[in-house]
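Dear colleague,

I am passing on the structure we spoke about, together with some notes on how its parts meet. Please look through the coordinates alongside the text.

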Amino acid sequence: MKKTYLGVAFAALLMSGTTAAAQEFDLTFQSVDPAGNPNFAIQKEWTERVNKMSGGRIAIELLPVGAVVNYSETQEAVGSGILDGHITDVSYFSGKDPAFGLVANPIGAWSSPDEMFRFINYGGGYELMNELEEPYGLHFVGATTTGLEGFVSDRPLDGVADLKGLKVRAPEGLIQEVFAAAGAVPVNLPYSEVYTSLDKGVIDAADSTVFSTNHQQGLHKVAVHPVYPGFHSMPLVEVAMNLEKWNSMPEDLQEIMTVSVRDFAQDAVAQLSMNDLKAVAEAKADPSITVHNWPAEERAKFRTIAMDQWSKVAASSENAQKVYDLLTEYLESQGLLD
């Protein structure tokens with residue numbers, strides 16, 4: 001009897017293993033970044049690790065920005081199943097609900113990626129993101145970021161007072177409102193026009209991408225007073241999947257996806273930070289460039305201005321209020337509003 005029971009149990013184990021092995025998922029994701037961009041290369045490394053970690057049961061084809069749909073349309077594409085997933089800045093969906101803009105980039109909230117990751121992974125952010133996204137047919141797998149973005153300027157900036165009258169390129173929405181409240185004059189321009197606009201004096205400064213990319217693109221040649229680390233923007237870049245596809249995955253593959261994104265986030269931050277530090281050293285060695293680092297009290301002043309705008313966004317939708325309440329509760333509990 002014992003022998004028969006063991007034989008049945010072993011057969012069941014083999015059958016379950018065979019069934020699990022047969023559950024393979026070929027997924028198509030679209031990135032917010034172009035092929036050849038450092039971010040895209042790091043994302044490709046993540047897809048390769050997922051394939052190895054899953055024993056080949058998950059294969060992710062990562063497409064560059066615009067390959068299937070416009071960067072601002074991936075939420076609909078993932079929700080409808082045209083794409084299986086995306087890696088993108090959540091703020092692109094703030095037109096659907098202001099909550100996405102507030103959670104994606106609460107200007108001035110974060111001083112480091114770890115602060116944001118703790119909020120997402122342990123402060124209720126993960127659950128909130130899924131509450132926001134499930135009605136659109138998405139499952140939020142996890143968050144990464146580029147880190148604090150750089151800020152380029154053709155004049156010295158050592159604090160909030162220096163922003164007054166500054167013509168600054170900034171994306172529409174919350175970040176423009178924050179800069180306007182700080183006394184600057186926001187200008188809406190695509191990244192591709194930042195260099196020319198700085199060079200011709202159309203703008204004085206720009207909310208841009210990370211320091212190393214700005215340096216590589218030559219922005220510090222025409223804006224010789226960069227601020228580093230940035231004091232303003234650190235976008236939440238999400239990895240999200242089609243909800244039905246996610247629910248069809250067995251638990252072990254769901255866990256692989258979830259844990260792998262946490263590793264991916266740390267990997268992306270580390271690699272981009274290394275690039276930034278190398279670029280900062282090069283910039284500091286150039287006598288024509290002065291790198292400015294805002295003191296803590298000036299960063300706090302900017303955050304105070306930003307928080308007034310957060311509360312205005314919170315009043316614009318029920319979900320935005322939920323984001324505001326959870327965010328400020330978390331920041332206060334961590335002593336980050338002092």
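Predicted model: local features only at pLDDT ≥ 70, side-chain atom pairs only at ≥ 80, totals over all residues.

The domain assignment gives domain 1 as residues 25-145 together with 234-277, while domain 2 is made up of residues 150-232 together with 291-334. Taken over C-alpha atoms, the centres of domain 1 and domain 2 are separated by 24 Å, and the contact draws on 27 residues from domain 1 and 25 residues from domain 2.

Between domain 1 and domain 2 an area of about 2,200 Å² is buried, with carbon and sulfur atoms giving 67% of that area. On the side of domain 1, the residues that lose the most area to domain 2 are L102, I107 and D276, which together account for 33% of what that side buries.

As for polar interactions, eight residue pairs are in polar contact between domain 1 and domain 2, both residues of each pair being at pLDDT 80 or more, and the count of salt bridges between the two domains is one. A salt bridge is found between the side chains of E131 and K322, with an N to O distance of 2.6 Å.

Turning to the elements involved, α4 (98-104), α5 (113-122), α6 (125-133) and α12 (251-285) each supply at least two residues of the side of domain 1 that touches domain 2, and the largest share, five residues, comes from α4. By residue type, that side of domain 1 divides into 14 nonpolar, eight polar and five charged residues.

With best wishes

Technical notes: Residues numbered from 1 in each chain as written. Heavy atoms only, no water. Domains from an automatic or database assignment. Contact = heavy atoms within 4.5 Å. Buried area = accessible area lost by both parts, 1.4 Å probe. Salt bridge = Lys/Arg side-chain N within 4 Å of Asp/Glu carboxyl O. Polar contact = N/O pair within 3.5 Å; in protein donor to acceptor, adjacent residues only side chain to side chain. Helix = DSSP H or I, 4+ residues; strand = E, 2+ residues; numbered from the N terminus. Nonpolar A, V, L, I, M, F, W, Y, C, P; charged D, E, K, R; others polar.
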